[in-house]
Amino acid sequence: MATALIVNLLVVLALAAGMSLASPLFGPRRTLPREKGLPYETGMPPFGAPYGRMTASYWRFAVLFVVFDVDLAFLVPWVLLRRHLTFEAMVSMSAFLLLIGLTLAYLWRKGALECD
Amino acid sequence: MNALTPVPLSLLAPEIAVTLALAAALAVGMKSRPSNGLLARAFGALGVLAGLILFFWGPAYSDTWLLRSGGVARAWQVFFHLAALFFLAAHEARGERPVALLLGALLGMDLLAAANDLFALFIGLELMSLPLYLLVYGLRPDKRKLEAAVKYFFTGGAASGLFLFGLSVWYAETGTTALAPGGLPSPGTSLALALMGSAALFKIGAVPFHFWLPDVYEASEPELSAFMSTAVKAAGVLLLMLLSIGHSSFDPLGGSGAAFPNLGAWLPAVSAATMTYGNLMALRQRSVRRLLAFSSIAHAGVLLAALWVWQDGGHGTELSTLWFYLGAYLFMNTGAFLFLALSGISEVEQLKGYGARAPWPAAFFALMLFSLGGVPPTAGFLAKFYVIWDLLKGSGAWLAAAVALNSLLGLGYYLSLVRTMTLDEPGPRTPDGSFCPSAAAGLVLLLCAAASLLGFIPEAREWLFTLLTL
């Protein structure tokens with residue numbers, strides 16, 4: 001099994017290196033004049049950074065989304081199989097939900113859910 | 001063991017106590033007036049103590065497909081809880097966030113100790129690591145803390161990736177993710193163990209996975225460095241041990257006749273390289289925090305040698321040696337870092353003549369340094385002595401020589417620090433002698449001093465072993 005892994009690794013390396021090297025090796029040798037390589041902006045020379053500025057709170061929402069989404073991923077099977085589960089499963093999941101709820105309350109209180 | 005068997009919650013009694021403390025700390029933090037964190041720390045300490053008591057008083061040894069209760073690995077929880085208590089005692093009250101993060105890390109470590117499945121191990125590992133990244137960042141961050149936290153986060157993430165890859169290879173080889181002896185070792189399981197062991201070595205700070213350690217220990221607050229250098233290292237050693245033995249019905253007194261599963265021939269080599277690297281680099285340091293960081297790398301190497309003693313097997317004292325070393329290390333390293341925290345010293349220059357300005361704190365730090373260096377009559381000496389002795393009794397003579405030589409190297413910088421404190425004239429950057437620990441921190445300092453001295457009694461190793469296997 002380890003040989004399969006090593007062969008896989010070698011093939012991946014060969015493929016990546018091959019694709020990267022094939023282009024300059026086999027492609028046409030032509031360098032574009034400088035003006036043709038710039039991004040098109042209706043004739044104006046481009047100014048400013050090509051990337052805009054992004055609010056960091058987007059990242060915070062993304063992290064919170066992932067956390068509660070994983071919470072949901074644990075909830076869904078439990079909800080579907082609830083009928084066949086024991087009382088202890090109810091206790092466990094209730095404890096889990098309480099903890100998640102407490103965390104949500106804490107975040108709310110600390111203002112992590114504000115979007116200003 | 002059927003994977004659908006429900007796991008009784010009573011197995012998790014210490015963890016439930018810590019979780020309740022965590023919930024209480026968060027609840028305290030929701031007050032409208034910003035609290036000074038004292039209540040949160042009190043709740044945290046209560047939960048940690050409750051967990052410690054429940055370890056001794058809890059349910060007997062039992063074993064399910066996901067978690068275990070009792071047994072050898074859970075003894076590590078005593079170290080984790082003690083280190084957490086020391087952190088809570090020494091940390092200044094600045095809000096509930098550090099307390100909550102610490103309790104989260106402690107929960108992860110406890111889960112690591114209670115795990116009986118590779119996935120539970122991974123969850124414990126991640127739960128332990130993520131709050132630590134945030135704790136390094138701290139509440140009043142500066143550029144250095146930010147850099148250290150980011151370094152720790154990225155390298156830790158890479159290590160977790162290695163662990164997961166090893167887990168998947170293990171599953172492909174053995175068809176199960178249970179921590180069970182996998183039969184005859186095959187190339188696949190050796191690869192899996194090497195990958196998962198790399199993640200453990202990362203946490204321990206062993207060469208060649210140590211690059212994050214000096215920056216992180218130098219930048220974070222000394223109380224946090226104390227916690228990381230003791231509890232996280234112990235967790236890494238436990239992780240290595242669990243990966244190698246697998247099964248939970250481990251007999252601590254030397255195996256039931258079956259051959260000890262081997263982590264790999266790389267363990268003694270890594271141990272020797274780690275010790276030597278840590279000591280050599282520490283000799284050059286001008287910052288005391290960085291010096292202690294490299295010294296903790298060196299001690300990690302000796303810990304790995306103690307682990308190898310256990311793996312070598314068959315002599316009946318190995319686990320007690322490892323535990324005694326961990327215990328002695330917990331107290332002496334915590335004492336050293338706490339001294340740094342309370343005196344405000346971070347450069348070697350600042351130690352010049354400190355003995356003249358503050359004799360008792362300097363004496364305490366000298367005691368810690370003697371213990372770290374392995375000078376009799378301290379616990380550190382006895383711990384190293386037992387490691388060397390067990391190595392010589394087994395088949396590790398060259399490793400014993402490496403440990404002895406490295407102790408000599410270590411003395412080079414430990415004793416030079418003591419000399420700077422006592423024989424040099426006070427320099428321009430030496431702080432004045434104000435050294436005011438809070439009551440709790442003072443108690444911790446007393447405990448560290450007492451342990452470093454009382455640990456010299458030779459029976460201490462057997463007492464600790466009896467205590468932890470109650």
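This is a predicted model: local features need pLDDT of at least 70, side-chain atom pairs count only at pLDDT 80 or more; totals for chains, interfaces and linings use all residues.
**Getting to know chains A and B**

User: What percentage of the 470 residues of chain B count as buried?

Analyst: A residue is buried if 20 or more other C-beta atoms lie within 10 Å of its own, exposed if 12 or fewer, and partly exposed in between, with C-beta atoms placed from the backbone. By that rule, the buried share of the 470 residues in chain B is 55%.

User: What kind of model is this?

Analyst: Residues are numbered from 1 along each chain as its sequence is written, while chains are lettered from A and ligands numbered from 1 in the order in which they are written.

User: How many helices and strands does chain B have?

Analyst: Helices (H or I, at least four residues) and strands (E, at least two) are DSSP runs, numbered from the N terminus. Counted in this way, the secondary structure of chain B comes to 18 helices and two strands.

User: Among contacts in chain B between residues at least 6 apart in sequence, what percentage join residues at least 24 apart?

Analyst: Two residues are in contact if their C-beta atoms, placed from the backbone, lie within 7 Å. Taking the chain B contacts between residues at least 6 apart in sequence, the share joining residues at least 24 apart is 79%.

User: Which residues does B:Leu238 touch, not counting residues up to four places away in sequence?

Analyst: B:Leu238 is one of the residues with the most contacts inside the largest nonpolar core. Leaving out residues up to four places away in sequence, B:Leu238 touches B:Ala73, B:Trp76, B:Leu112 and B:Ala113.

User: Why does B:Ala306 count as buried, and how many C-beta neighbours does it have inside 10 Å?

Analyst: B:Ala306 sits in helix H11 (residues 288-312) of chain B. Not counting residues up to four places away in sequence, B:Ala306 touches B:Thr321, B:Leu322, B:Tyr325 and B:Val387. B:Ala306 counts as buried because its C-beta neighbours inside 10 Å number 28.

User: How far apart are the end C-alpha atoms of helix H14 (residues 359-373) of chain B?

Analyst: H14(B) is mostly covered, with 12 of its 15 residues buried; among them are B:Phe364, B:Phe365 and B:Phe370. The expected span of a helix is 1.5 Å times one less than its number of residues. For the 15 residues of H14(B) this rule gives 21 Å, which agrees with the distance between the end C-alpha atoms, 21 Å.

User: How many of the 15 residues of H15(B) are buried?

Analyst: The buried residues of H15(B) include B:Lys384, B:Asp390 and B:Val387. H15(B) is largely enclosed by the rest of the structure because, of its 15 residues, the number buried is 11.

User: Which helix gives the most to the side of chain B that touches chain A?

Analyst: The contact takes 12 residues from chain B and 11 residues from chain A. On the chain B side, helix H1 (13-29), helix H6 (143-174) and helix H7 (187-204) each supply at least two residues. With four residues, the helix that gives the most is H1(B).

User: What distance separates the centres of domain 1 and domain 2 of chain A?

Analyst: Chain A has three helices and zero strands, and 0% of its 116 residues are buried. It is divided into domain 1 (2-30) and domain 2 (56-110), with bounds from an automatic or database domain assignment. Taken over C-alpha atoms, the distance between the centres of these two domains of chain A is 44 Å.

User: Which element of chain A has the highest mean pLDDT?

Analyst: Chain A averages a pLDDT of 84, and 83% of the residues score at least 70. Helix H1 (residues 2-26) of chain A has the lowest mean among its elements, 88, and the highest, 91, belongs to helix H2 (residues 56-80) of chain A.

Technical notes
pLDDT is the predictor's confidence in each residue, from 0 to 100. A nonpolar core is a set of buried Ala, Val, Leu, Ile, Met, Phe, Trp, Tyr and Cys residues joined through C-beta atoms within 7 Å.
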